[in-house]
Amino acid sequence: MSITAYYEEEGDLQSIGVKPSTSSTLLKLTYLSEGGANFVFRIAATTPDGINPLRGKLLRLRKDLSHVQSAQAQLEAFDANFRPLFPPHHVVQQQLISLGPGLAKSLNAAIKMLNRPSHRLEDFLPLNELTGLLVTDMTPADDNESVLELKPKWLAQSPSAPANAKRCRTCALRAQRGAQRVHTATDRQKTCPLRLVSGDQDQRTEVATSSTDNAAIARFLTGDGQQLLMTLRNHQEALDPRGVHGAPDEAAIWNVCRAMTLRDCTLFVKSSEGKIEARLGDLDLKLPEKMAYWKEVESRLSADGWYGNAEAQGVWAEETVCVLSRP
């Protein structure tokens with residue numbers, strides 16, 4: 001389901017709405033995806049000449065939910081916390097754009113017509129939001145492009161894990177959820193993130209080839225992409241050296257939030273005629289309100305034996321995925 005929209009640019013000010021002006025460009029907005037906090041729309045040209053001043057970008061708009069920050073606040077958090085950590089070409093870039101009157105109402109009407117997941121049916125756009133975000137488009141442009149979306153997750157063991165752990169943080173949580181017959185997209189990757197940055201080439205190759213059948217993307221993950229992945233791992237470790245139970249003050253708690261954001265980001269790798277573009281996305285700063293939940297998760301993983309592959313007999317299964325349990 002799509003709607004017609006009009007883009008206008010005056011100096012540094014960009015806007016998109018449903019009312020045309022003498023200098024606006026006609027575009028089409030199409031629902032692409034949604035998560036717990038945002039909708040994402042594809043931006044396409046509608047004129048025969050194919051003019052699209054927003055080519056290579058997607059429109060991300062926040063949902064009308066109390067815990068979701070405004071686009072302005074999201075951008076400020078990104079700029080302050082994550083943009084400085086990585087080269088610009090390795091991050092999904094964000095840029096503010098003004099929203100014209102009536103745009104949210106028109107998009108909500110289109111959203112109502114979609115076949116959406118049942119738990120998202122009450123999610124819509126706020127009618128009074130003034131801005132949205134233009135983000136780098138990492139979707140394939142045509143059949144000649146391939147894109148891998150990978151959650152690197154915890155590239156180093158949790159500082160809260162016991163010294164003799166037989167599972168890393170990601171694998172321990174996967175095992176715990178599996179016992180409850182809960183499987184997330186990350187769990188379905190069925191790989192140990194520690195292998196992704198292993199010094200063993202064979203281990204890296206195993207993860208890469210199980211994640212994608214695109215040879216160029218697999219070579220990137222095991223070769224040139226290691227620098228990006230190692231940078232990600234180093235920031236995860238530096239920001240959270242003591243674990244969620246060891247954050248002594250407010251500054252340390254905010255660093256844990258930054259680290260947890262980096263542990264839940266997405267790596268997009270696009271292959272186009274052998275050329276690789278790799279960017280980290282989903283870098284929306286997590287907030288201190290989650291500290292209690294993170295502490296509870298760590299406590300249960302340790303106390304219930306998930307880290308040590310010593311869980312209760314009724315749910316015990318030999319660990320075969322985690323690098324900490326395999327030779």
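Is glutamate 206 buried, partly exposed or exposed, and what is its relative accessibility? At 34% relative accessibility, glutamate 206 counts as partly exposed; buried means under 20% relative accessible area, exposed over 50%, and partly exposed in between (1.4 Å probe, protein chains only).

The model shown is predicted: local features need pLDDT of at least 70, side-chain atom pairs count only at pLDDT 80 or more, and totals for chains, interfaces and linings use all residues. Residues are numbered from 1 along each chain as its sequence is written, and side-chain values use heavy atoms, with hydrogens and water left out.

**View 1. Glutamate 206 and arginine 195 form a salt bridge.** A salt bridge is a side-chain nitrogen of Lys or Arg within 4 Å of a carboxyl oxygen of Asp or Glu; here the closest N and O atoms are 3.7 Å apart. Arginine 195 is buried, at 4%.

**View 2. Glutamate 34 and lysine 63 meet in a salt bridge.** The N to O distance is 2.7 Å. Glutamate 34 is buried at 16% relative accessibility, and lysine 63 is buried at 0%. Both residues belong to a network of salt bridges that also links Arg116 and Asp123.

**View 3. Arginine 300 pairs with aspartate 304 in a salt bridge.** Their closest N and O atoms lie 2.9 Å apart. Arginine 300 is partly exposed at 32%, and aspartate 304 is partly exposed at 32%.

**View 4. Cysteine 265 is buried.** Its relative accessibility is 0%. The whole structure contains zero disulfides (pairs of cysteine sulfur atoms within 2.5 Å).
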